[in-house]
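This briefing is intended for a reader who is meeting the structure for the first time. Please keep the sequence and the model in view while reading the points below.

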Amino acid sequence: MSFEDRLGELLKDEDPYVIGPDPVPIIAAAQRRRARRRAGTGAAAVAVALVCGVTAVMVGNARPGGQVAGRTGAAAAPPAGAPAPSPTATGLAPGAPAAAPTATPSLPPRSPVRRITAGDEVEPVTGLRLSVTATESCQGSADPRTGGYQGMSCLDMTNPKLPIERPGILLDLSRVSDRFVAHGFYRGSTPATVMVFEGGRATVATLLVTPGMDDWAAYYVVLPGGDLDVGATWKTPAVGAYDADGRLLAGHAGRTVDGASEQPPVAL
């Protein structure tokens, strides 16, 4: 039985003629107080629920912004205050400077190689022909009187009296019209480069080879006309044979216009 019902019964049992307070306002006031207590209890419950809900949201977003893990396989950013990666993790000792890029060394120029059948003739310029066999180096010049070629003159590479030691190089200079051709042979294993030097200029020669050559190779190079002819005085260029690293294997000195000696460099 509620408080209002019990109070109603007690007041009903009182003498109706006894003067006293009217029971209706008393009951109405009691009902209003009960309604206020119920409303207060519900508001407290709602407040508790809201507080719990906020707490749940905060727990679900505990990671600071920018540090939330991404998709599967994506690395999460380190938490605030975490130590930086150790320098040894990058392969460098602590305090060591970054390695400088390694410069690629420049390689010396290489002589082009012209391979021919033994006895075939090569004409570097009109008026001069060169030829090689497995054992001979030959050359022939045009006859200015007839316009035809004279017979080929040859040197035998197997001749023990050949005045060129191994390693050694011979240079011959032929003038044809306004052109000069430096040519000759090198005795030794085929060089990587043969280079002719004259007037402060270096020109790479072409190697001339044929199957069966044993420890020698011929060469030739066409030089600019006029530079080697000063009146009746000939100036001969210097020539050098070099290995793949640009080191001099054998050289032949040249002669300048004033008669001084010109040596090929010991390295390219």
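Four strands form an open sheet, arranged in the order E9-E8-E14-E15 with antiparallel pairing; strands here are DSSP runs of E with at least two residues, helices are runs of H or I with at least four, and both are numbered from the N terminus. Two strands count as paired if DSSP finds at least two bridges between them. The model is a predicted one, in which local features need pLDDT of at least 70 and side-chain atom pairs count only at pLDDT 80 or more, while totals for chains, interfaces and linings use all residues. Residues are numbered from 1 along each chain as its sequence is written, and side-chain values use heavy atoms, with hydrogens and water left out.

**The open sheet**

- Strand E9 (201-204) and strand E15 (248-252) are the edge strands, each of which pairs on one side only.
- From one strand to the next, the twist averages 25 degrees; axes are lines fitted to C-alpha atoms, for helices over the stretch in contact, and angles run from 0 to 180 degrees between N-to-C directions.
- Four bridges link strand E14 (residues 238-242) to E15 in the antiparallel sense.
- Alanine 241 stands opposite alanine 250, which lies in E15.
- Strands of a sheet pair through backbone hydrogen bonds, either parallel or antiparallel.

**Strand E3 and its partners**

- Four of the five residues of strand E3 (residues 128-132) are buried, so the strand is largely enclosed by the rest of the structure; buried means under 20% relative accessible area, exposed over 50%, and partly exposed in between, with a 1.4 Å probe and protein chains only.
- Strand E2 (residues 121-125) pairs with E3 in the antiparallel sense over three bridges, and leucine 128 in E3 is the bridge partner of valine 125.
- E2 and E3 make a hairpin with two residues between them, and glycine 127 in the turn has a positive phi of about 110 degrees.
- E3 also pairs with strand E4 (residues 136-141), in the antiparallel sense and over five bridges.
- Valine 132 stands opposite serine 137 in E4, and a hairpin through three residues joins E3 to E4.

**Valine 176**

- Valine 176 belongs to strand E6 (residues 168-176) and counts as buried, at 14% relative accessibility.
- Although valine 176 and threonine 126 are 50 residues apart in sequence, their C-alpha atoms are 7.6 Å apart in space.
- Not counting residues up to four places away in sequence, valine 176 touches Val125, Thr126, Gly127 and Leu128; contact means heavy atoms within 4.5 Å.

**Threonine 210**

- Threonine 210 sits in the loop between strand E10 (206-209) and strand E11 (216-223).
- With a relative accessibility of 7%, threonine 210 counts as buried.
- The side chain of threonine 210 reaches the backbone oxygen of isoleucine 116 at 2.8 Å.
- Leaving aside neighbours within four places in sequence, the contacts of threonine 210 are Ile116, Thr117, Ala118, Val132, Thr133 and Ala134.

**The protein as a whole**

- The protein has two helices and 17 strands.
- Of its 268 residues, 28% count as buried.
- Among contacts in the protein with a separation of 6 or more, 52% are between residues 24 or more positions apart.
- The accessible surface of the protein comes to about 17200 Å², of which 58% belongs to carbon and sulfur atoms; accessible areas come from the Shrake-Rupley method with a 1.4 Å probe, and for residues only the protein chains shown count as cover.

Methods. Polar contact = N/O pair within 3.5 Å; in protein donor to acceptor, adjacent residues only side chain to side chain.
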